[in-house]
Amino acid sequence: MPETTPNMETAYKDLRPVMFGALGKLARQGFVVAPADAVDLIHDFFVERWDNLVNNYDPQKGRFEVYSYVSFVHFARPRILRLQRLQNCLQPEDIEMLTANYDAERNLAAEQDTRIVRHAISRLAQGEREVLTNYIYAEAPSERMLAAKFKVSRYRLRETLIEALGRVLVLLDKPERMPERDWRVALALWRDRRTITEAASYLGMTTHQIRGANSRNMRLIAEALRSYEPHKGPHLARRSTMKAKEAKTGRQTPQVLLEKALRSEGNQDLLRQVSARAQEVLAVLEKPESFGLSENEIGQMDPLWIAEVYEALSRASSEWEAAVAHAPEDLFYAHAGEERQIGTAFKEALIADLPDDLRDPHQWLGPTVPKVEEDEREYALKTPSAEGAMLKLSPQERVTSEAASLADYGVTPLMVLRSTQAISFLLDRFLRKGKLDLSVPVTLPCETIRTGDSFDPEILVDEIRRVAECRQITADALYRWDIRVARYKPHLFERFHAEPNEEGILLTRTENRYDDLFKRWRFSEMAVPVPA
């Protein structure tokens, strides 16, 4: 490829197979997406990042396809995590219940319930009502087709579906089978429009409990909506098969070939056919049609086999091998392994030489953050970062370790790292956009109340809540701990140097980078006097 950048249309055509290869490699790390989602990710990358891609590309540093490949991986990984969180908010099998075959007898028996549900749907905002009814009664229900119809992203469409279902739920009387506690959660989320974090704080529950109640509520409303039918029009036939097309042509359609290949783990013959017909498969994926594979089916498949199928599609491009060969070695990291390293660095470098009141989570979390229930505590303990913080410890030592104490409050070493990243990344964005002066150190106060010329800590606490995915009260405690620790660890915040002052700390932007957490966190200035 020439050193000058191609136009977007040419680049999209040439690099689409390369990016399927990247998604294959991401699948090997657990970041799996369905074929339609894969195309959406690639499309969104070009729409949202093309200008930056072209403007930031330096031909002297390497080939354009390699730069695009690396940029796409950095773009896709967080998007896939976001999509997975949305899917977990409403399980695929739950949403597919909305399109289950119509049972006239059962609906006749539940006629009163149907009228109530229909009335609730009629009270939705027009946009939510249209999305919900279009999805339920589409001939071949497809989030991708609806996203194109309503001119929104697939992620936003799924959010709208979830919101619409929630609104319907609270417009109905409390379902007989719904526990009172779950009903309070439904009202807080869908009637009062509180976030999960706000609902947890309002109801005195953990975010883990709120999500569990919300998942149960979604299943219940999905069951109720199965019997809903519009006043007019016949019930439409559901998802059609492609066997008729196959019978006419005597050859598998690209859709069927891809589905069969994904379903046939280890079938090398089908894998070779996918590779040979990669251009056909990629072309048909561009059409907003629904494949017969549900997200639930994709979720049950071996990620390594999905990776092989996607990598077979990548062979449609001659640029694939070059992109892989010249990409950074650590581009596709072992996710769990890296998280364990974070936990080990937390234990051996970050807190190893801190004062007792900053080492012991019961002293800095305990006074304000309530302990979580046992199931959430066990979940935190089983995360890779917690495991990494407890390596080399005896069973007795593990029980009293800092990681175990963090888990009492639903916190992990990874969340601690993310809290520091939330602060440094947000300040960095403010500097790049000119909202802060690069030549003037930023003051962060110890407490979450703005003082003098300090940066507003409430903005930072909210960013911690979002990035670390924790409750507001936990984000507040993490912020105050971060500021106190930064008085001892000047490189706690990536690309910033911290020094203590009377209010809290002064942060100065620096080009020095410490990619090794052990080095960055081990560096301390314990001899520097720290203001009280």
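A: The axes of helix 1 (residues 8-27) and helix 16 come within 11 Å of each other and cross at roughly 90 degrees. Axes here are lines fitted to C-alpha atoms, for helices over the stretch in contact, and angles run from 0 to 180 degrees between N-to-C directions. Helix 1 is therefore roughly perpendicular to helix 16 (65 to 115 degrees; under 35 counts as roughly parallel, over 145 as roughly antiparallel, and the rest as oblique). The model is a predicted one, in which local features need pLDDT of at least 70 and side-chain atom pairs count only at pLDDT 80 or more, while totals for chains, interfaces and linings use all residues. Residues are numbered from 1 along each chain as its sequence is written, and side-chain values use heavy atoms, with hydrogens and water left out.

From helix 1, Arg16, Pro17 and Phe20 meet Gln279, Leu282 and Leu285 of helix 16, where contact means heavy atoms within 4.5 Å. By class, the residues of this contact are four nonpolar, one polar and one charged. Nonpolar covers Ala, Val, Leu, Ile, Met, Phe, Trp, Tyr, Cys and Pro; charged covers Asp, Glu, Lys and Arg; the others, Gly among them, are polar.

Helix 16 (residues 278-285) also has a contact with helix 14 (residues 254-263), the two axes coming within 9 Å and crossing at roughly 105 degrees. This pair, too, is therefore roughly perpendicular. Pro254, Gln255 and Leu258 in helix 14 meet Glu280, Val281, Val284 and Leu285 in helix 16. Here the contact residues divide into five nonpolar, one polar and one charged. Leu285 of helix 16 meets residues of helix 1 and also residues of helix 14.

These helices belong to a chain whose secondary structure comes to 30 helices and three strands. Buried residues make up 51% of the 532 residues (buried is under 20% relative accessible area, exposed over 50%, partly exposed in between, with a 1.4 Å probe and protein chains only). Of the contacts between residues at least 6 apart in sequence, 72% join residues at least 24 apart. The accessible surface comes to about 25900 Å², with 49% of it belonging to carbon and sulfur atoms; accessible areas come from the Shrake-Rupley method with a 1.4 Å probe, and for residues only the protein chains shown count as cover.

The three strands form an open sheet in the order 1-3-2, with antiparallel pairing. Two strands pair if DSSP finds at least two bridges between them. Strand 1 (442-445) and strand 2 (496-500) are the edge strands, each pairing on one side only. Neighbouring strands are turned by 30 degrees against each other on average, direction ignored. Four bridges join strand 1 to strand 3 (residues 504-509), and valine 442 has leucine 507 as its bridge partner in strand 3. Strand 2 and strand 3 pair over five bridges, and a hairpin joins them through three residues. Helix 29 (residues 472-486) lies across strand 1, strand 2 and strand 3, running at about 120 degrees to strand 1.

In a regular strand the side chains alternate between the two faces of the sheet. In strand 2, the covered face holds Phe496, Ala498 and Pro500, and the uncovered one His497 and Glu499. Phenylalanine 496 stands opposite arginine 509 in strand 3. Phenylalanine 496 is also 9.7 Å from proline 441, C-alpha to C-alpha, although 55 residues separate the two in sequence. Proline 441 lies in the loop between helix 27 (413-432) and strand 1 and is partly exposed, with a relative accessible area of 37%. Leaving out residues up to four places away in sequence, proline 441 touches Leu506, Leu507 and Thr508.

Two loop residues remain. Most residues other than glycine have a negative phi. Arginine 495, in the loop between helix 29 and strand 2, has a positive phi of about 70 degrees and is partly exposed at 26% relative accessible area. Lysine 392, between helix 24 (384-389) and helix 25 (395-399), has a positive phi near 70 degrees. Lysine 392 counts as exposed, at 76% relative accessibility.
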